[in-house]
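Some notes on this entry follow, as numbered points. Please read them with the coordinates open.

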Amino acid sequence: MGGGVAYSEHMKSSADVQAPAAIDSCNVRLVDPERVAAVHARMPSEADVVDTADVFGLLGDPRRLKLLVALLDGELCVCDLAAVTGMSESATSHALRLLRAHRVVSVRRDGRMAYYRLDDAHVRMLVDLAVAHTEHTDAIHPERTQ
């Protein structure tokens, strides 16, 4: 095709193109081996990490979280929890069964009535801290479309 330079001569090979330097890359394997050892020593077992992730997964559902926030004021029956959260009684019962199976809530029976409450102070603290965090933070949610 006429005396021009071939197209392929203008193309750079992948070896000619340098990748941008990674910002978070480490040049050494361990910067602070003593601290790494200390953190590793206090790391929970794999099973405990999985169980903890399961609890956070339970707290990650807005409907279940509403139930837990409602229980911050004390125990309530399924009917009252359904009314407070706007969920059906069936959906409320299902969510409470799941929360109870993971020991996030506990139940007290009085005849045919079942009253639910947060299982312990740790659960109360998790819910309180999560709500307090969102109340004073303007979160950026790139995953949400506007």
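1. The model is predicted. In it, the loop between helix H3 (46–59) and helix H4 (62–70) contains Asp61.

2. Is Asp61 buried or exposed? The cut-off for buried is under 20% relative accessible area. Asp61 has 15% relative accessibility and therefore counts as buried. Its side chain also reaches the backbone nitrogen of Arg63, at 3.1 Å.

3. The largest nonpolar core has 21 residues, and Leu68, Val105 and Tyr116 have the most contacts inside it. Two or more residues each come from H3, H4, helix H5 (78–85), helix H6 (89–101), strand S2 (105–110), strand S3 (113–118) and H7. In soluble globular proteins, nonpolar side chains tend to be buried together.

4. Which residues does Leu68 touch, leaving aside those up to four places away in sequence? They are Leu59, Leu99, Val104, Val105, Leu118 and Val127.

5. The largest pocket holds about 390 Å³ of space. It is lined by 16 residues, and those closest to its centre are Val55, His102, Arg103, Val104 and Val123. The elements that contribute two or more residues to this lining are H3 and helix H7 (121–135). H3 supplies the largest share, 6 residues.

6. By class, the lining of the largest pocket comprises 8 nonpolar, 3 polar and 5 charged residues.

Definitions and conventions: Residues numbered from 1 in each chain as written. Predicted model: local features only at pLDDT ≥ 70, side-chain atom pairs only at ≥ 80, totals over all residues. Heavy atoms only, no water. Helix = DSSP H or I, 4+ residues; strand = E, 2+ residues; numbered from the N terminus. Buried < 20%, exposed > 50% of the residue type's maximum accessible area, 1.4 Å probe, protein only. Polar contact = N/O pair within 3.5 Å; in protein donor to acceptor, adjacent residues only side chain to side chain. 1 Å grid on protein atoms, 1.4 Å probe; cavity = no way out; pocket = protein on both sides within 12 Å on 5 of 7 lines; lining within 4 Å. Points joined across faces, edges and corners; volume = space filled by probe spheres on them. Nonpolar A, V, L, I, M, F, W, Y, C, P; charged D, E, K, R; others polar. Core = buried A, V, L, I, M, F, W, Y, C linked by side-chain atoms within 4.5 Å. Contact = heavy atoms within 4.5 Å.
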